[in-house]
Structure formats: C-alpha cells, structure tokens
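Subject: Structure handover

Hi,

Here is the structure for you to look at. My notes on what was found follow below it.

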Amino acid sequence: MSLETLGTKYVGMFASILVLTVVISSAPTVFAESKFDDMCKMMYERYKELGEQKFREKYKNKSFLNECMKMYKNPNWYFVGKGKIDKNYEKIDMLMHDAKEKKIDVKILSSVSLGKEKFLVKFRACMENSAILQPSFLIKSPIEQYVVLSSKTLQTGKCNDYHVQIKAKQTSSIQIEYVSDLSKYPNIKSKMI
C-alpha cells in the first residue's frame, strides 16, 4: 500500500471519528433542550395566566425558567395548542381592558340587619355594551370597606345580583361601586363572591 493511499485511509478514519465525537458530545445538549422544551410547553399556559413578572417571581428558583423565557419571547417557537392558548388570553386581556374603560350600573336593592351594626346587602350590577369577565366592587361604609371579586361574568345586556355583608351604623351610609382597576386599592382586603 502506498504512503498516499495509507494517508487517505487514515484521514478518512480520523474524519469519521471526529464526526462521531461531535455527534456524541452534542447529544446531551440536544436532550436537555428537548427536556426544557417539553417543560416550557407544559408551563406556557401558567405563564400566560400569571404574566411575565409574576411567573418569574413564582418560578425564580427553577432551572427551566431562563430557557422557557427565551422560548416564550421567540416569535418562531410553536407547539400544538399554543395558538388556542394565545387566543384565549388575548380575549381575556381584551375583556379586562374593556372593563377598565366601561361603566357598570350598580344599585343597592335591599339591606337586612344581621345584628348590631352589621347588614346583609343585596345589590345588582348591570352592563349594557359589553361583557366583563370578573367584575369587582368596592363595598364601603364609615366603619368598614373592602373589595369583592365576582366569579360570575357580567354579560352584555344582563344584570347580576350579589349579596355582601358589611358593618355600618345605618343602611344609608353603605355605598357600592364598580372598581375597574384593583391596583388603586392595594391595602384594602378583598373577598370572592
């Protein structure tokens, strides 16, 4: 065998070993990326629900956080079901945005004394132009005030009735109003109704 043929044979063998080494050494990286990709797909709806800031705070100690954030910000990242999640949260964002700009008609219907300075109040909230996903209301009197969050959607052209309890000296001092932006009341306790 000539020296030239032998050299070509060894160069070919060396190139094969080099390619095999590159494939083997990059295998863990490919596996790690797909592992993060699956985790990020599972966590995507939670990310949309919480928003970036709260998601980062909640999962700050998780190894997948930075990888997922890169994927979420990449406009080319896609998985089956992502479009449906995006549309759902776009709709929710739109309803919340609309709620901040709309007025709800709130009217106290009745109040019943529950004992010394405590009343059960029935009120009605009506919306004419558009739906509001989770309306919230400020319930107040000179003695007590808090915010209530409704789990019932206030639908277009419909009214919802609610019942709340509040401490007050007299029913005429009780006020209820729709709250479009809860960030204005950070130090007031809240309840679900």
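Asp86 and Lys82 are both buried, where buried means under 20% relative accessible area, exposed over 50%, and partly exposed in between (1.4 Å probe, protein chains only). Asp86 forms a salt bridge with Lys82, and the closest N and O atoms are 3.0 Å apart. A salt bridge here is a side-chain nitrogen of Lys or Arg within 4 Å of a carboxyl oxygen of Asp or Glu. The two residues sit four residues apart in helix α4 (residues 82-101), so about one helical turn separates them. Helices (H or I, at least four residues) and strands (E, at least two) are DSSP runs, numbered from the N terminus. Lys48 joins Lys82 and Asp86 in a network of salt bridges.

Before going on, the ground rules. This is a predicted model: local features need pLDDT of at least 70, side-chain atom pairs count only at pLDDT 80 or more, and totals for chains, interfaces and linings use all residues. Residues are numbered from 1 along each chain as its sequence is written, and side-chain values use heavy atoms, with hydrogens and water left out.

**Other salt bridges**

The structure holds 11 salt bridges. Two further ones are worth a look.

- Lys70 pairs with Glu67, with the closest N and O atoms 3.6 Å apart. Both lie in helix α3 (residues 65-73), three residues apart, about one turn of the helix. Lys70 is exposed, with a relative accessible area of 56%. Glu67 is partly exposed at 28% relative accessibility.
- Glu117 pairs with Lys169, with the closest N and O atoms 3.5 Å apart. Glu117 lies in the loop between β1 and β2, and Lys169 in the loop between β5 and β6, so the pair ties together parts that are 52 residues apart in sequence. Glu117 is partly exposed at 32% relative accessibility. Lys169 is exposed at 64%.

**The sheets**

Strands of a sheet pair through backbone hydrogen bonds, either parallel or antiparallel. Two strands count as paired if DSSP finds at least two bridges between them.

β1 and β2 (residues 118-127) pair over eight bridges, in the antiparallel sense. Ser113 has Phe119 in β2 as its bridge partner.

Another open sheet has four strands, in the order β6-β3-β4-β7, and its pairing is mixed. Here β6 and β7 (190-192) are the edge strands, each pairing on one side only. β4 and β7 run parallel and are joined by three bridges. Val148 has Lys191 in β7 as its bridge partner.

**The cores**

In soluble globular proteins, nonpolar side chains tend to be buried together. A nonpolar core is a set of buried Ala, Val, Leu, Ile, Met, Phe, Trp, Tyr and Cys residues joined through side-chain atoms within 4.5 Å.

The largest nonpolar core has 23 residues, of which Ile104, Val121, Phe123, Phe137, Ile139 and Val164 touch the most other members. β2, β3, β4, β5 and β6 (175-179) each supply at least two residues of this core. β2 gives the most, with five residues. Apart from this core lies another, of 16 residues, among them Cys40, Tyr72, Ile85 and Tyr89.

Leaving aside neighbours within four places in sequence, its partners include Ile108, Tyr162, Val164, Ile174 and Ile176.

**One loop serine**

Where is Ser141 found? Ser141 is in the loop between β3 (136-140) and β4 (145-149). Ser141 counts as buried because its relative accessibility is 11%. Beyond four places in sequence, Ser141 is in contact with Ile166, Lys167, Ala168 and Ser173. A polar atom of the Ser141 side chain lies 2.5 Å from the backbone oxygen of Lys167.

Best wishes

Key
Polar contact = N/O pair within 3.5 Å; in protein donor to acceptor, adjacent residues only side chain to side chain. Contact = heavy atoms within 4.5 Å.
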